[in-house]
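Biologist: I've got a new structure open and I'd like to walk through it with you. Can you take my questions one by one?

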Amino acid sequence: MHRTKVRVATDVLDANATIARANRADFDRAGVRVVNLMSAPGAGKTALLERVLIDGLPAVRPGVLEGDVQGSFDADRLSALHVPVTQLNTDPGFGGECHLDANMVRSALGAIALEEIDLLIIENVGNLVCPAEFRVGEDARAMISSVTEGEDKPLKYPLMFRACELVVINKIDLLPHLDFSLERFLENLDRVHPGVEHMLVSARTGEGVDAFAGWLVAVARGGAPAA
Ligand code: MG
Ligand code: ZN
């Protein structure tokens, strides 16, 4: 019984990897680089993207694929910034899944104006578990961990913190009001993903947002982030 379960899970991930490679080939053909942005719900993915898109990315035309279980609240916020935004809902259609997988992204490709963009930012469904398991054809993965989530999160969700090339620590404007130890968080992060690049930002005040924008531009220009 246990072995059957393991084999099914392996088959699912193998099938996903095959479709992710097909997505990647389509993105490459279109000259579009892709970032998969992951975090827990409420960590500030959309707020950070708003900040970045308001200021703009030098010589990079961004687009966003907005993943949510239901609704288009975040897509509506971002489309007000005159950036091409495509909504991808996992319910209905994909059983209300709590993550995006390669097949869902593939189903949305026809709705994304790939010829009009250089960088596609995929805002994954807010979830610290399964988004880390499913590649979708991206060039780089970034995850956001906000200081309100506590410094133990790298130890509790190690796969998520390992499966990314960048950890953005958000809401640092709240640090004076919290018992959050940045030092302990960074120690925990180093235990699960030694040497991973990290940056301190506040999407609310704008502090550090230029560094994240610079990282996105580097990905768009083909700079491969160190895994
Ligand atoms: Mg969001
Ligand atoms: Zn899931």
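Biologist: How much space lies in the largest pocket?

Modeller: Keep in mind that this is a predicted model. The pocket is lined by 17 residues. As for the space in this largest pocket, the value is about 160 Å³.

Biologist: Which helix gives the most to the lining of the largest pocket?

Modeller: Helix H2 (45–55), strand E2 (62–68) and helix H3 (73–79) each bring at least two residues to that lining. The top giver, with 3 residues, is H2.

Biologist: By class, how many residues of that pocket lining are charged?

Modeller: Let's go through the classes. The lining has 5 nonpolar and 7 polar residues. Lys45, Asp74 and Glu123 are among the residues nearest the pocket's centre, and they belong to the charged class because Asp, Glu, Lys and Arg are counted there. The number of charged residues in the lining is 5.

Biologist: Which residues coordinate the magnesium ion (ligand 1)?

Modeller: Along the chain, the donors follow the spacing T-x27-D-x48-E. Two of them link distant parts of the chain, with Thr46 in helix H2 and Glu123 in strand E4, 77 residues apart. Both Thr46 and Glu123 are buried. At 2.0 to 2.1 Å, the magnesium ion is held by Thr46 (OG1), Asp74 (OD) and Glu123 (OE).

Biologist: And the zinc ion (ligand 2): how far apart in sequence are the parts tied together by His99 and Cys130?

Modeller: The zinc ion is coordinated by Cys98 (SG), His99 (ND1) and Cys130 (SG), at 2.0 to 2.2 Å. His99 sits in the loop between strand E3 (85–89) and helix H4 (102–108), while Cys130 is in the loop between strand E4 (119–123) and strand E5 (140–146), so the pair ties together parts that lie apart in sequence by 31 residues.

Biologist: Is Cys130 buried or exposed?

Modeller: The cut-off for buried is under 20% relative accessible area. Cys130 has 14%, so it falls under that and counts as buried.

Biologist: What is the phi of His82?

Modeller: Most residues other than glycine have a negative phi. His82 is in the loop between H3 and E3, and it counts as exposed at 75% relative accessibility. Its phi is positive, near 60°.

Key:
Residues numbered from 1 in each chain as written. Chains lettered and ligands numbered in written order. Predicted model: local features only at pLDDT ≥ 70, side-chain atom pairs only at ≥ 80, totals over all residues. Heavy atoms only, no water. Donors = N, O, S within 2.8 Å, 3.2 Å for Na, K, Ca; no water. Helix = DSSP H or I, 4+ residues; strand = E, 2+ residues; numbered from the N terminus. Buried < 20%, exposed > 50% of the residue type's maximum accessible area, 1.4 Å probe, protein only. 1 Å grid on protein atoms, 1.4 Å probe; cavity = no way out; pocket = protein on both sides within 12 Å on 5 of 7 lines; lining within 4 Å. Points joined across faces, edges and corners; volume = space filled by probe spheres on them.
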